[in-house]
Amino acid sequence: MKEMSATSNSVLGGQQPQKHYGITSSISLAFPREIDHMYTQKLMEAMKPFGVFEDEDELNHRLAVLGKLNAFVKEWIADISESKNIPSSAVANVGGKIFTFGSYRLGVHTKGADIDALCVAPRHVERSDFFQSFFEKLKQHEEIKDLRAVEDAFVPVIKFKFDGIEIDLLFARLALQSIPDNLDLRGDSHLRNLDIRCIRSLNGCRVTDEILYLVPNKENFRLTLRAIKLWAKRRGIYSNMLGFLGGVSWAMLVARTCQLYPNAVAATLVHKFFLVFSKWEWPNPVLLKQPEESNLNLPVWDPRVNPSDRYHLMPIITPAYPQQNSTYNVSTSTRTIMSEEFKNGLNVTDEILLGKAEWSKLFEPPNFFQKYKHYIVLTASASTEENHLEWIGLVESKIRVLVGNLERNEYITLAHVNPQSFPGSKENRNENEFVSMWFIGIIFKKVENAESVNIDLTYDIQAFTDTVYRQANNINMLKDGMKIEATHVKKRQLHQYLPPEVLQKKRKSLADLNRSSGGGSKRSSLDSSQLDSSRDTDSGTPFSSPTPVIKPRKLASDTDDSVSSPKALLVESSPSMEVSPPKVEQGMSIPVIGSKPVATPPAKASPPPTGSTIPTVVGRSVIPRISPSNQAELPNGVTVNGTAPKRPHSPSLEESPKRLKDADKINLLDDSAFKEPYPPPSNGQEQGDSPAVQEDLDGAQAMPIPTIDTSRTQRLPSKELPDASSPLPTSNLRVIKNSIRLTLNR
């Protein structure tokens, strides 16, 4: 089905026949009432204090800076062309152009936000020219400050400030003799014969342009997206890096809502956004158009072909070729948290549209530090400010690895990371140390028929620290004084780490939120690239293995524990100390298209979930659904019948790692792996205090984590996650191994 096709034969209220947007017909074509416009005006007024709108002077300043940069690029390309003996008659028409993408291109950037831009050059201009001669030319420009190049990043970039405006500039050379001013990058033919770095660089512009093309009303879309992005940041669920959603993912969800309600204004669209996605049956993908094949042989998201794509929990698919899932970092816990936030947003907007509440209520921050009984405090420290910025960027980019490790623990039901980082308190650090802290709320499973249970999180922490130290060593970042520590604390002990004003429920300004979460500051990380936890753009190309699916469960009651004080048991050892790689579980079976599963005795199928159904995919089944009546036999001879235990919480370090060598040998996936997780309680009760929930789990067993050895041939190459066989650092630096052991009492 085309993304836009003529549909309605009737003319509504004298209007032109409606166009059909998206892959399904609209839910409602209703036009806004006068009261809807009033609510939209109130929404705008409620958003203004948070600095989401730029004034006219700031907008004009950005336009002027981009105009100067565009002229600067054309001048540089003309100079390069002359130096490469291009005929003078051709040099005059060689062109070159700056394209924008991300929040600025979408028209939803906030005050002080950076601009994501792309320099497009003709075929005779090399990438090396961009990072050498253009970089040197930028150095000479008096209005350009803080210039730095990150040539070996996944998406190579030059970063700088141009007359006070932060700009991230990518580069792509097209197979064209000249670059005209009216060039449209949406055509797939531009990707032909390009190297993968140019394709990645073009992806941001192509996705952004396609989103704008696929929405019925751009102004309504922009205002709605501003509101949803503000809400997501305020609620602590705006971070692609930590397993929530980034700017492009939120934009695609809002665009899908606009397609389903093409004539609605922003106030109605915000409410419908929560209605649609509180009832969405994940992992059905969100698609703005039917994926199209361009025969360019690029890797695309397709669970029928790529086994690893079947494990994505919350797929939101970019509309431009090559289509990718922008939410591959989402884990079981982060999806559960976001699903609960969608439901909460629906309740609040219901109240607002009934006149029982104001829009300001939607933007109230959650009280994260009152929500859980148990927390893990992750501390990253370094001896200098420069090292600290580099170090926290790397640590933050790997926190989702720790969350994944904790989710696999048989005694942990949910791990909720707060995207906001906090400076270390003076009492808990040395005077010459630079410290950042992250907090992870934990819900422990209630263990029946046991007075107490000993829980050892050492393995989960150590697997995480090994990953971070290995990555830092691989990119030559690890320096003396760089440390990670993890500490378990109870809610009543948080005052030892955080000031009273943070622990108390209070409203924070967006500026405060951005300062504390790194919203406006860039952090060095990974391959020396800069990271931003609230960055508005997502890479459309996955470059890390997804967190495998575990059977969603109802959240069990949290139990009290007998830990009297926060403690981080540190075992300091030489980096050369031999450590076994993290154990990898044997994976569950997944379907192989066209194969015949082995006949096994049928099991009773669970009834489908009830509730409203939101249109998802028309014309084909994107995710293969296999009947839960089938059983599968794993390579180790264990039969899976829909249930199996989670990974033991403290595996022996002497155990040899088990890994599936060939994903294609697996041949069946239980449908229960695709059911929605049970959301946390939303009645204001502290999570972990609902024994009634546990009664539903009596006798139930947890599902194992299905693990796929994703072949490097199925994904684009990347340095995001080093190979597990990479050695731990062997320098003279002392690596701290973190150990956490605690006892939970009934």
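Predicted model: local features only at pLDDT ≥ 70, side-chain atom pairs only at ≥ 80, totals over all residues.
Reader: Where do I start? How many helices and strands are in the protein chain?

Author: The protein chain has 16 helices and 22 strands. Buried residues account for 58% of its 746 residues.

Reader: What share of contacts joins residues at least 24 apart?

Author: Take contacts between residues at least 6 apart in sequence. Of these, 80% join residues at least 24 apart.

Reader: Now helix packing. How are two packed helices described?

Author: By the angle between their axes and the distance between the axes. Take helix H7 (residues 218-234) and helix H9 (residues 266-278). They pack at an angle of about 50°, and their axes are 9 Å apart. H7 is therefore oblique to H9. The crossing of H7 past H9 is right-handed.

Reader: Which residues in H7 and H9 meet?

Author: From H7 come Asn220, Leu223, Thr224, Ala227, Ile228 and Trp231. From H9 come Ala266, Leu269, Val270, Phe273 and Phe274. By class, the contact of H7 with H9 has nine nonpolar residues, two polar and no charged.

Reader: At what angle do the axes of H1 and H9 cross?

Author: Roughly 80°. Helix H1 covers residues 34-47, and its axis comes within 7 Å of that of H9. So H1 is roughly perpendicular to H9. Asp36, Tyr39, Thr40 and Leu43 of H1 make this contact with Ala266, Ala267, Thr268 and Val270 of H9. The classes are five nonpolar, two polar and one charged. Ala266 and Val270 are listed in the contact with H7 and also in the contact with H1.

Reader: Is Glu54 buried or exposed?

Author: Buried. Its relative accessible area is 14%, and the cut-off for buried is under 20%. Arg62 is buried as well, at 1% relative accessibility.

Reader: Where do Arg186 and Glu210 lie?

Author: First, the bond itself. Arg186 and Glu210 form a salt bridge, and their closest N and O atoms are 3.1 Å apart. The pair links distant parts of the chain, 24 residues apart. Arg186 sits in the loop between strand E7 (165-173) and helix H6 (196-214), while Glu210 is in helix H6. Arg186 is partly exposed, with a relative accessible area of 25%. Glu210 is buried, at 5% relative accessibility.

Reader: How far apart are the closest N and O atoms of Glu351 and Lys361?

Author: They are 2.7 Å apart, in another salt bridge. Glu351 lies in helix H10 (residues 332-353), and Lys361 in the loop between H10 and helix H11 (368-371), so the pair ties together parts ten residues apart in sequence. Both ends are partly exposed: Glu351 has a relative accessible area of 28%, and Lys361 is at 32% relative accessibility.

Reader: Which residues do salt bridges that share partners join into one network?

Author: Arg186, Glu210, Lys289 and Glu292.

Reader: Next, the backbone. Which residues does a cis peptide bond join?

Author: One joins Trp282 and Pro283, with omega about 10°. Pro283 is in the loop between H9 and strand E8 (286-287). Another joins Tyr321 and Pro322, with omega about 0°. Pro322 is in the loop between strand E9 (316-317) and H10.

Reader: What is phi of Asp163?

Author: Near 55°, a positive value in a residue other than glycine. Asp163 is in the loop between strand E6 (157-162) and E7. Asp163 is partly exposed, with a relative accessible area of 32%. Asn193 is not a glycine either, yet has a positive phi of about 65°. Asn193 lies in the loop between E7 and H6. At 73% relative accessibility, Asn193 is exposed.

Reader: Last one. Where does Asn93 lie?

Author: In the loop between helix H3 (88-91) and strand E3 (97-101). Asn93 is exposed, with a relative accessible area of 57%. Asn93 and Ser178 are 85 residues apart along the chain, yet their C-alpha atoms are separated by 6.7 Å.

Key. Residues numbered from 1 in each chain as written. Heavy atoms only, no water. Axes fitted to C-alpha atoms, helices over the stretch in contact; angles between N-to-C directions. Helix = DSSP H or I, 4+ residues; strand = E, 2+ residues; numbered from the N terminus. Parallel < 35°, antiparallel > 145°, perpendicular 65-115°, else oblique. Left-handed = near helix turned anticlockwise from the far one by under 90°. Contact = heavy atoms within 4.5 Å. Nonpolar A, V, L, I, M, F, W, Y, C, P; charged D, E, K, R; others polar. Buried < 20%, exposed > 50% of the residue type's maximum accessible area, 1.4 Å probe, protein only. Salt bridge = Lys/Arg side-chain N within 4 Å of Asp/Glu carboxyl O.
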